[in-house]
Amino acid sequence: MDKEHAPGDQDTKDQAGTREPDHGRTPDKDDVATSKESNRPKWLVPAASAAVVVVLIAAGVVCLRVVSNREHTQAVERCSGAVARLEKPAGGADARTAHYQEAAAVSSNQVKDAKTVVDMARAVKNAGGIKPQPVRCDASMQTGELKAAADKAEDLNGRYDKLDRAAKAVLASRDAKDLDDARTALGAKKEEASRLLGDSDGKVADNATREALQNAIGQAEQTKGGKAQAWRDAVGPLQAAIDQVNASMQAKAQADQQAAEQAAQAAQAAAQPVQQQAAPSYDGGYTPSYRPSYGQGGGGGWSAPAPTAPQGGGSGKGNWRDRLNRPQIGQACNAEGVCGIG
């Protein structure tokens with residue numbers, strides 16, 4: 001009992017930390033960690049840190065390369081799309097160039113709105129010409145080069161978009177003027193045909209031509225549509241009908257003139273008096289003043305005495321006409337009364 005310790009004394013010693021270690025107990029975690037740190041080499045910590053840095057650098061390089069490849073791929077896609085749009089519009093690059101050339105050839109007096117021609121000239125200058133500028137875009141190019149090419153292609157696309165709109169405006173204004181001109185021309189031709197239809201009444205050789213003209217006028221009045229060619233095509237049949245009526249009027253005018261000339265000639269012939277020419281009479285007191293002399297043999301000749309009218313009423317032997325017609329001495333006469341010389 002002397003040497004027994006009271007429970008309170010033992011607790012006091014434990015609390016004061018004077019209790020000796022119990023060599024028979026199991027080590028806790030803190031004891032193990034402390035033992036490992038005391039046994040670890042001093043070079044291991046820097047080596048591990050260096051390894052971690054290397055791993056981080058490698059990972060950064062890999063990550064940077066992945067990012068760079070992705071950026072390059074995006075640049076290639078962007079550049080390729082811009083160039084494809086620039087080189088292959090609707091209908092192809094050749095169609096676009098032809099479209100621009102057609103619009104650029106239109107003058108201000110061929111359009112309804114002259115401002116469209118001015119805008120077209122400005123758009124051509126802004127685009128650097130009518131023909132699209134080539135832009136190179138290849139996957140082997142650097143990312144920076146690809147971005148620069150894409151920027152250029154996109155800028156040109158914007159300029160050509162403005163040129164497209166300007167060209168369309170010019171051609172639309174030209175077509176509008178063509179339509180107005182065609183409508184005006186057909187209207188004038190219809191007025192001409194209507195006047196001719198009224199003026200030609202009773203003045204044609206064939207009235208069927210006037211009926212055809214009236215039908216052509218009716219067909220022309222039914223012309224519709226927004227295409228100038230339809231209105232121009234309607235002028236052809238109308239003009240043909242006009243020509244037929246004019247030809248028929250001319251034929252009738254010529255026939256009337258010919259008939260009038262023939263009537264005038266007939267009237268003139270009927271108005272001339274009938275002139276009758278009377279035959280000359282020799283029953284009178286005509287006495288020839290001389291008789292021809294006929295030479296006989298060697299130039300000598302004799303002259304027949306001039307006949308004289310019988311005195312005192314004549315004798316019963318015949319009158320002076322009988323003696324005149326009687327053959328003279330020395331004349332030989334035939335049965336028909338023709339006398340020869342000698």
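Here are some questions and answers on helix packing and nonpolar cores in this predicted model.

Reader: Are the helices H5 and H6 roughly parallel or roughly antiparallel to each other?
Author: Happy to start there. The axes of H5 (residues 115-126) and H6 (residues 143-199) come within 9 Å and cross at roughly 155°. Angles over 145 degrees count as roughly antiparallel. The two helices are therefore roughly antiparallel.

Reader: Is the crossing of H5 and H6 left-handed or right-handed, please?
Author: Good thing to check in the viewer. H5 passes H6 in a crossing that is left-handed.

Reader: How do the residues of the contact of H5 with H6 divide into nonpolar, polar and charged?
Author: On the H5 side, the contact includes Val117, Met120, Ala123 and Val124, along with Asp119. H6 brings Leu163, Ala166 and Val170, among others, as well as Arg159 and Lys162. The division is 9 nonpolar, 3 polar and 3 charged.

Reader: Which element gives the largest share of the largest nonpolar core?
Author: This core has 28 residues, and Met120, Val135, Tyr160 and Leu163 touch the most other members. Two or more residues come from each of H3 (44-87), H4 (93-104), H5 and H6. The largest share is 11 residues, and the element giving it is H6.

Reader: Which residues is Val135 in contact with, leaving aside its neighbours within four places in sequence?
Author: Val135 is one of the core members that touch the most others. Its contacts beyond those neighbours are Val83, Leu86, Glu87, Ala149, Lys152, Ala153 and Leu156.

Reader: And how many residues are in the second, separate core?
Author: Look for Val204, Ala241, Ile242 and Val245, which are among its members. The size of this second core is 19 residues.

How values were computed:
Residues numbered from 1 in each chain as written. Predicted model: local features only at pLDDT ≥ 70, side-chain atom pairs only at ≥ 80, totals over all residues. Heavy atoms only, no water. Axes fitted to C-alpha atoms, helices over the stretch in contact; angles between N-to-C directions. Helix = DSSP H or I, 4+ residues; strand = E, 2+ residues; numbered from the N terminus. Parallel < 35°, antiparallel > 145°, perpendicular 65-115°, else oblique. Left-handed = near helix turned anticlockwise from the far one by under 90°. Contact = heavy atoms within 4.5 Å. Nonpolar A, V, L, I, M, F, W, Y, C, P; charged D, E, K, R; others polar. Core = buried A, V, L, I, M, F, W, Y, C linked by side-chain atoms within 4.5 Å. Buried < 20%, exposed > 50% of the residue type's maximum accessible area, 1.4 Å probe, protein only.
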